[in-house]
Number of protein chains: 4
Amino acid sequence: MIKAKVIGATGYGGIGIIELLLGHPQAQIVRLDSINDIGTPISALYPHLQGLCDLPIANVKQPDETPVDVVFMATPDGVGMQLAGAQLQQGARVIDYSGDFRFHNSTAYADYATRIGRDPAHAAPELLPQSVYGLAELHREDLRGARLVGNPGCFAVSCILGLAPAVRNNLVGLDRLICDCKTGISGAGKKTAPTFHYPARYENMNAYKLAGHQHVCEIEHELSAVAGAPASVTFTAQAVPMCRGIMSTLYGALCAGVKPDDVLAAYREFYKDCAFVRLYGPADQVGTVHVRGSNFCNLVVDVDRRTDTLRVVAYIDNLMKGQAGSALQNMNLICGLPETTGLMQPGRYP
Amino acid sequence: MIKAKVIGATGYGGIGIIELLLGHPQAQIVRLDSINDIGTPISALYPHLQGLCDLPIANVKQPDETPVDVVFMATPDGVGMQLAGAQLQQGARVIDYSGDFRFHNSTAYADYATRIGRDPAHAAPELLPQSVYGLAELHREDLRGARLVGNPGCFAVSCILGLAPAVRNNLVGLDRLICDCKTGISGAGKKTAPTFHYPARYENMNAYKLAGHQHVCEIEHELSAVAGAPASVTFTAQAVPMCRGIMSTLYGALCAGVKPDDVLAAYREFYKDCAFVRLYGPADQVGTVHVRGSNFCNLVVDVDRRTDTLRVVAYIDNLMKGQAGSALQNMNLICGLPETTGLMQPGRYP
Amino acid sequence: MIKAKVIGATGYGGIGIIELLLGHPQAQIVRLDSINDIGTPISALYPHLQGLCDLPIANVKQPDETPVDVVFMATPDGVGMQLAGAQLQQGARVIDYSGDFRFHNSTAYADYATRIGRDPAHAAPELLPQSVYGLAELHREDLRGARLVGNPGCFAVSCILGLAPAVRNNLVGLDRLICDCKTGISGAGKKTAPTFHYPARYENMNAYKLAGHQHVCEIEHELSAVAGAPASVTFTAQAVPMCRGIMSTLYGALCAGVKPDDVLAAYREFYKDCAFVRLYGPADQVGTVHVRGSNFCNLVVDVDRRTDTLRVVAYIDNLMKGQAGSALQNMNLICGLPETTGLMQPGRYP
Amino acid sequence: MIKAKVIGATGYGGIGIIELLLGHPQAQIVRLDSINDIGTPISALYPHLQGLCDLPIANVKQPDETPVDVVFMATPDGVGMQLAGAQLQQGARVIDYSGDFRFHNSTAYADYATRIGRDPAHAAPELLPQSVYGLAELHREDLRGARLVGNPGCFAVSCILGLAPAVRNNLVGLDRLICDCKTGISGAGKKTAPTFHYPARYENMNAYKLAGHQHVCEIEHELSAVAGAPASVTFTAQAVPMCRGIMSTLYGALCAGVKPDDVLAAYREFYKDCAFVRLYGPADQVGTVHVRGSNFCNLVVDVDRRTDTLRVVAYIDNLMKGQAGSALQNMNLICGLPETTGLMQPGRYP
């Protein structure tokens, strides 16, 4: 059995991995850490877990000698870089949810940190070279041996999976990619705010952070790596009144001579070994509800022939493939299990 | 492996049991029947199943010699009584979702049928004596050997579980029970209607079928059996703008001399061996979201001392404990498995 | 032109009366007061008002010699009693949204205050005798000359209007009235809280304040006055995932010999001069959406003959007839205008 | 008083104009026509109108000699072209909601009709030259004298208003405009369909009609006219789980040398006389809720300097500025009233 610890257990990201670990045949939750609610059973905070997981919250600041195989750091930016080193030294492998380990050198991190108004100096720069970007569809082999994983951002998962085959195969220009992204409100986490107050959000959708959303860094970084040349992305984050789900509509100018059939073939080839990516054509009727509660990414691949534009619509559950689902997929890989273990679930419809 | 067939596979009740069977360690879906969409893979109708269950729909009218252990009849009133006999003769056990087998003699059925405007004559009255009402918390022992189960109505599950301990222990009068029930819209099934059109239902709640809802029959029938005397119920069905969830608020006049502590003790005793019933006090914060996607029934047990009224708030997922979850629980019992097999899941929060 | 001032202008109750005053042909907003956001235009806080009302917020603590005819105190319990005296002295009439002026003597107020955990001593007991309970359908004549109005609670409006004709005409017993009330989340106001965080509330309904909701005081008080004998109410507050709307399902034991036709006749007679109360039978399809954005109260009047129970379903918009709409109706009455001025609007469907 | 008739009165577009006419100080509804529900009061179909508008539905096929000033044809494609001629001959002015009169010659209409799979031959081509495209912000002067108006499509209103100042002033290239549009479900009208069934739509968003949405024709047509050169648009329609509201995010490649300040200045100048267009910068927090129930169009104007891309987010209520609100605005203009009469309402928040 894989012994798993969750740090930041009481946020939506923590609760998501707890739910998944409960259903995993070869993993066991041994400790739940947080900075608040110490001593309270997790099921008192989240009553849906009562009878299934009643572990009390432990103090993240207290020494912990429980032997652990994997630590999930379901924590915001800046926490993982403080704590990961000690966990690694104790022999655990670490999967961090934040931006702390999504970049592999101090310069790339500094660029990201600056954009989100954080200190550009990383607290543990020596760990960056060994970190792996936790998107299995792009980095499966590196993840198999990884000790430290930077789990990707939710929007980023949808955009990168949606555009990677196109930029890899020179199907679209790299200088005018547009990512028009819409998310349910669970993406904002459990912290209350006037803009997420139920009556203020009911029957309301809006664009936000137009001045710059942090996920654009990793999207450009990963797409550039896939393309082998710099990719430039215009990114728009938008909130819609639902709980779970991301729909990202992605546009690129089709390169001269590229035919619609080439596009679909490229996507099929790129994802032929990826259990969690499902491909659809423009006439198929799929939506976020069809990935809700599951680890799948549904991609609708389309070419607008009137304007020679590639258009891909990517659907994920922001808390699953966009967060805890990818984290569990990464755990499977770094622990040598089949990638899909504990994850081949359909969600519930409707 | 238990070989399972689903008749009426393409409705919400069918899809619910398919999802559960996919996660059950000892069951296998061998056939999906319907009267429409013959030959179409279920995953073309319900894309969330793609890659997990791609069986084509078979014609329910075509002879079927597939050996089957359990048949789930996810069909409306009047279908099960036509088809159950043949299935039983082939050696299968049958779990029927409708009212066809919730009553155990022709008279009780006729009363029910009349109220819902159906022919009072049952098409297979000889099967009624062997049918068992599929609420494990009340009929566990009978279910263990059952060959034919009448799966309960969704509202009925919440009302019966919420009031059974009170009527069993003479805590409340039997002549003025009130069941004020609210349901999400998935309870209406997948058939479109103006009243379930999205814009018509958005930000709208209303009472319906005030003249009489069919579930009141089985509620009175079961509560009377538990009490050993006739119970009389005023029942109100109400629709609220959400998808899954039932909240039933149940009222009874407290019998003279009954103390609040007696009430809670009676509930604890009654459900002490029931894994899926969780009890709460009036200060606990639970809601339908805490049972969404799971087979649990959460009961808040309260006494309004100002008016000497018992008040119980029962929460279930209408498609789980209210339908497919109970059906799987019943399958476990009739097949001799632990009652909770494949069902100890928390749902996903938020 | 009636000169109107709103104190507590930046809450939902303040914004509601601002919206209505903008459409009133004989009223004019002259000042908006609050304790926060001083100097900020109301339209910067509520962008839907831009170009329609751009008044800056004034400091409620600053002396104000603007001549004012009516002051709306859209403030929580305890504020109105501090400020009303001065406003009255300056010649204004006062409509207070809170419980401060819903009771007409210190004893009744103390009972209410105790139940909600407030100081039982009223800060301006000398004003209580002149205050009028602001439900026009019961107190129209008193309101015409009133200088001080206690605007009713939202749940209370629905329960009192739904049961008054029955208790007035001895149709039901007074000792076992049940008010099962459901509200949209706007009833909680604009203050954020974990329980009103969008993801926590999505697809979630629940009962709350089971130990006692403050509105039960005024419901019992008013119904007792109408009946001429003490009425006893079991009250349940429940939250459903929508923004606006209250559905209150009201039950009473029918008195011996009362016939269904008597009931409907009594309701028709009681409300024959009330423009904002519309009556329906059990087969009519009405819901909260049909009163959303309007000042109407829709009552479905029904008798469950199986159990000899009166059942009334009352629908209102909690922010209109349940708050600002009633307040404007009261303003019309105290200013000698036709009661319906500026209020005969249908809302928008869907 | 303007005497108004509504044909197609029982759809969402009909009900929208009825609601607005009820609040208009100089208009009066004299007849409501449809092909169904003949003789039924409109308030029996739409109970929120009870007591405000109880006119029975008249048969559109019956001769009607009621003198009428304005006819609103709230009818689908193909109806207006059959009926408009007779109405005009009787001296009425006609505002048609469909695509029938949005184009001003047979060729342009044929192009549109072909794309939506209709007969390319217009039934009344002789009327096309006199028809005016009913977007007051672009065609105010022509509308003042108009007898026949083609009311614009809901998506089109948002896209055209959002991009017109940019294409007029050569701020963006015309060959790669992207309109990423999201709509609430009321845009689909009142006809039920599996994809608009409440449970199927709950917590679900998706792109649709990727192969081609009819509104792209009028968007390109109008933008080309404004620009004086052909504009090419990639258009994506997306449905989100709410009732009212359109959010269109519009992208164009900034022309060389254009500075962000130029952009905002151009928008301000373009809309300086337009009461219903409100302009915002990227840091302003506005959303669809701020235009819900009102005739305003809120535009957030932004330049993504990283990629030299113009990005405009346009917010409207699809049933108001996107339909009935524009229709009333057009009625005001063709009848010589101030454009804002009966329309300066804020909607209700929250």
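Chain A has a mean pLDDT of 97, and 100% of its residues reach 70 or more. The structure is a predicted model, with an ipTM of 0.97 and a pTM of 0.98.

**Helix H10 of chain D**

- Helix H10 of chain D covers residues 320-334, which makes 15 residues.
- The end C-alpha atoms of this helix are only 18 Å apart, whereas a straight helix would reach 21 Å at 1.5 Å a residue.
- After H10(D) comes D:Gly336, which has a positive phi, near 80 degrees.

**C:Arg244: position and burial**

- C:Arg244 belongs to the loop of chain C that lies between strand E10 (233-239) and strand E11 (246-253).
- C:Arg244 counts as buried because its relative accessibility is 5%, and the cut-off for buried is under 20%.

**C:Arg244: contacts**

- A polar contact of 3.0 Å joins the side chain of C:Arg244 to the side chain of C:Asp317.
- Leaving aside neighbours within four places in sequence, the residues in contact with C:Arg244 in chain C include C:Glu19, C:Ser186, C:Arg292, C:Gly293, C:Asn318, C:Leu319 and C:Met320.
- C:Arg244 is also in contact with B:Glu203 of chain B, and with D:Arg348, D:Tyr349 and D:Pro350 of chain D.

Methods:
Residues numbered from 1 in each chain as written. Chains lettered and ligands numbered in written order. Heavy atoms only, no water. pLDDT = per-residue confidence, 0-100. Helix = DSSP H or I, 4+ residues; strand = E, 2+ residues; numbered from the N terminus. Expected span 1.5 Å × (residues − 1). Buried < 20%, exposed > 50% of the residue type's maximum accessible area, 1.4 Å probe, protein only. Polar contact = N/O pair within 3.5 Å; in protein donor to acceptor, adjacent residues only side chain to side chain. Contact = heavy atoms within 4.5 Å.
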